[in-house]
Amino acid sequence: MSLKDRLQVMVVDDMSTSRGLITQALDQIGIVHYQTENNGELALNKLIARPVHLVISDYNMPGLDGLQVLDALRRHQATQRIGFILITGKASKEVIEKGRQLAMNNFLRKPFSAQDLKICIERVVGKL
């Protein structure tokens with residue numbers, strides 16, 4: 001069984017269109033085990049209860065933004081090792097630096113292609 005057949009992913013984005021674009025790219029890559037959440041707090045609660053291998057999260061969301069989700073994941077023993085990719089249209093130096101301080105594994109700028117996402121994921125989890 002290949003890595004992409006085993007990989008468990010959660011996509012967190014408050015915009016249904018963005019969630020759809022990410023999951024469509026995951027489908028194209030061949031990653032089939034994913035779940036989505038439209039709210040950082042709900043995603044965090046689900047992840048603490050049942051961790052996944054990788055979180056792909058939008059940055060700009062109401063309530064908990066992507067970096068706040070990352071910070072909370074790193075503070076819980078059950079979730080501190082989850083791979084984390086931040087997807088954002090506002091990849092400012094400050095946001096990226098803050099993400100790195102919080103042990104963000106990678107980031108991707110919007111807009112992106114399925115190939116861009118695949119490369120980004122492989123830099124975190126290895127060859128798919």
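A residue is termed buried when its relative accessible area is under 20%, and exposed when that value is over 50%. These terms are applied here to a predicted model, in which buried residues account for 45% of the 128 residues of the protein chain.

The protein chain contains 6 helices and 5 strands, arranged along the sequence in the pattern α-β-α-β-α-β-α-β-α-β-α. Its radius of gyration is 13 Å, close to the 14 Å given by the globule rule for 128 residues, so the chain is as compact as a globular protein of that length. The C-alpha trace spans about 35 × 30 × 25 Å along its principal axes. Of the contacts between residues at least 6 apart in sequence, 64% join residues at least 24 apart.

The accessible surface of the protein chain comes to about 6900 Å², and carbon and sulfur atoms contribute 46% of it. The chain carries 17 positive and 13 negative side chains, with the centres of the two sets 6 Å apart.

An α-helix has 3.6 residues a turn, so residues three or four places apart point the same way. Just after H5, Ala103 adopts a positive phi of about 70°.

Terms used: Residues are numbered from 1 along each chain as its sequence is written. This is a predicted model: local features need pLDDT of at least 70, side-chain atom pairs count only at pLDDT 80 or more; totals for chains, interfaces and linings use all residues. Side-chain values use heavy atoms; hydrogens and water are left out. Helices (H or I, at least four residues) and strands (E, at least two) are DSSP runs, numbered from the N terminus. The radius of gyration is taken over C-alpha atoms; the globule rule is 2.2 Å times the number of residues to the power 0.38. Buried means under 20% relative accessible area, exposed over 50%, partly exposed in between (1.4 Å probe, protein chains only). Contact means heavy atoms within 4.5 Å. Accessible areas come from the Shrake-Rupley method with a 1.4 Å probe; for residues, only the protein chains shown count as cover. Lys and Arg count as positive and Asp and Glu as negative; His and the chain ends are not counted. The place of a charge is taken as NZ of Lys, CZ of Arg, CG of Asp or CD of Glu.
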